Amino acid sequence: MARISLDPPRTLLVRLVRWYSKRTYGKVLDPLMALAHHRKVMMTTSRFEMSIARWKKVDPGLKKLAEMASAAAIGCTWCMDFGYWLSHSHGMAQEKLRDVPRWRDSDVYTPLERDVLEYSEAMTATPPTVEDELVERLRRQLGDAGLVELTAMIAVENHRSRLNAALGLHSQGFKDSCDVPARPGA
């Protein structure tokens, strides 16, 4: 259960945010409603998220894997649920999404994806456990700008996941709409 009401005062701004969220995602996002208790925090976060969406130096699939690895390490079920849905809707293979928490034991990832997942976990550890050799491999493959963008994305996901986990936000059932339902009689 959320540690803060997800029913903030219904100002015009909150009504607009609810409408936009439902129209865009099919649901009103719980993190938005939690942040709506503080207008400036919600607006700053929203502007920042829109700005992040314009970062294009790293393949979106690599960034999504990094985000999900960070969310899994922190234990943010809301971020895992939403990340699975968002990544699936952009065409990422279900096997890769499903195996993020156990990526070391999975054979569905490329060497670059494995480095990204390892980097994400190392950055998310407290204190971080990032090793020079891993950073150098990523820098060679992604370039300096790509390494900076990947690092920033992982830091952003740490912020999101820790905020959501601390506020007690849990899965909203986004992933449930991704899987093909079993056929009757199957």
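The model is predicted, so a pLDDT of at least 70 is needed for local features and 80 or more for side-chain atom pairs, while totals for chains, interfaces and linings use all residues. Residues are numbered from 1 along each chain as its sequence is written, and side-chain values rest on heavy atoms, with hydrogens and water left out.

Helices here are DSSP runs of H or I with at least four residues, numbered from the N terminus. Val14, Val17 and Ser21 are the buried residues of H1, where buried stands for under 20% relative accessible area, exposed for over 50% and partly exposed for values in between (1.4 Å probe, protein chains only). Seen down the helix axis, these buried residues fall within an arc of 60 degrees, so they line one face of H1; the arc is taken from the directions between the helix axis and the C-beta atoms. On the other side of H1, the exposed residues are Leu12, Trp19, Lys22 and Arg23. Just after the helix comes Gly26, with a positive phi of about 85 degrees.

Turning to the rings, the structure holds seven aromatic pairs. Rings of Phe, Tyr and Trp (its six-membered ring) pair if their centres lie within 6.5 Å, and planes under 30 degrees apart count as stacked, over 60 as edge-to-face and the rest as tilted. Tyr25 and Trp85 are an edge-to-face pair, because their ring centres are 6.2 Å apart and their planes stand at 70 degrees. This pair links distant parts of the chain, with Tyr25 in H1 and Trp85 in helix H5 (residues 77-89), 60 residues apart. Tyr25 counts as partly exposed at 25% relative accessibility, whereas Trp85, at 16%, is buried.

Trp78 and Phe82 form a stacked pair, with 4.9 Å from centre to centre and 25 degrees between the planes. Both lie in H5, four residues apart, or about one turn of the helix, and both are buried. One aromatic cluster is formed by Tyr25, Trp78, Phe82, Trp85 and Phe174.

Lys27 lies over the face of Phe174, 4.8 Å from the ring centre, and Lys175 over that of Tyr84, at 4.7 Å.

How values were computed: Helix = DSSP H or I, 4+ residues; strand = E, 2+ residues; numbered from the N terminus. Lys NZ or Arg CZ within 6 Å of the ring centre and 35° of its normal.
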